[in-house]
Amino acid sequence: MNSPWQHTKLAKTLAPVSRPEAVDPTKEYRLLGIRLDGGGPFLRETIIGSQIAATKLSKVEAGDFIYSRLFAWRGAFGVIASPFDGCYVSGEFPTFRSISDILDTEFLRLWFRLPSTIRRVEENCTGSTPLTRNRFKENFFLDLEIPLPPLPEQRRIVARIETLAAKIEETKKLKKQIEQDADKLLLGTFYKLISGAKEELLREIAPITRRPVKIDTASSYPEIGIRSFGKGTFHKPNLSGWEVGSKKLYRVQADDLLFNNVFAWEGAIAVVQPEDAGRVGSHRFIACVPKKELVTAHFLRFYFLTEAGLEKIGLASPGGAGRNRTLGLEKLEAITVPVPSFEKQLWFDKLQLTIEKIREGLSQTALELDTLRPSILAKAFKGEL
């Protein structure tokens, strides 16, 4: 770290501040909380004093540095911004003001986003269990040493990080917008494609197929799962033959259209991928096999995840909420599906694949952006930004 950075205890730069007020039952109070992982203060609720159990609250002012005693170990630190000037917090939120011209509280806020700083905080938390204690006392807070460059350099670093953070958020918003536009494109194209198409019973185009597995107690069986909301398949841990016991298992193959009969109504519908082939599922997993050159699994999946498709799945899943809504086999096969020409389906599947590759690229970019922020912070506090 370049000179003239100085390691300075927070006690030399900040002083505790308290503005306690007795709660007035007739007054309206804007109460703040602090988000974890450096998310900062937020307006938790606005309520009348008569609804508040505490007898006293503390007023905060713009520029105050504040943290949560209970969740400091989770990064609940921040600076009171202008919109929250005059709001209130409970006694569990120690509050401080700068008493010198050597510390910018925004610089301090960023320092408390460093994993190394939070580790030091956690070491000084007291109590019995992580979820019920970890109260970070003020004496430990004020005893922390922060590396400080001159005040102008602190402000330059803060401005630089804020600029980079704004660009990261702008890129994430663009990613979200591209994904929304892609969804609209796919849905609009799909409905044009099925306009005027003949409706066919699912049993005629993709009948239910069961592939029972003979259980050997000495063997193990790789299990498959389906995420809700169209999020695809996933791999569960292997089941031993002893665990399976007398239960029935069924094997799946690539390009099966697979339903979880308990959660199909909320989109637990997927196409079995090549890497899923040979895995097993219980009787709750219903595999439909599309007839060749008539219909594709990816086309059917897309249809069943549209509003119209999910409505039909819901009607075929009678019962109450959650696990009481079970997709019936006969009701499933009796669902009608619009079936355009096979060539149109193949073209639409290619469009789906192209957009999925774009999504994967965007997700990778988002992942890289998420790792960029801590990297920027680390460089900043090494004097390298």
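I looked up F304 and found that F304 counts as buried, because its relative accessibility is 0% (buried means under 20% relative accessible area, exposed over 50%, partly exposed in between, with a 1.4 Å probe and protein chains only). Y303 is also buried, at a relative accessible area of 4%.

I noted that the model is predicted: local features need pLDDT of at least 70, side-chain atom pairs count only at pLDDT 80 or more, and totals for chains, interfaces and linings use all residues. Residues are numbered from 1 along each chain as its sequence is written, and side-chain values use heavy atoms, leaving out hydrogens and water.

I then turned to ring pairs, of which the structure holds 23 (rings of Phe, Tyr and Trp, the last by its six-membered ring, pair if their centres lie within 6.5 Å; planes under 30 degrees apart count as stacked, over 60 as edge-to-face and the rest as tilted). Y303 and F304 make an edge-to-face pair, with 5.5 Å from centre to centre and 65 degrees between the planes. I also recorded a cluster in which ring pairs link F65, Y67, F77, F96, W111, F112, F136 and F141.

Next I looked up N260, which lies in strand β18 (residues 257-260) (a strand is a DSSP run of E, at least two residues, numbered from the N terminus). N260 counts as buried because its relative accessibility is 11%. Leaving aside residues up to four places away in sequence, N260 touches I226, A268, R284 and F285 (contact means heavy atoms within 4.5 Å).

How values were computed
Helix = DSSP H or I, 4+ residues; strand = E, 2+ residues; numbered from the N terminus.
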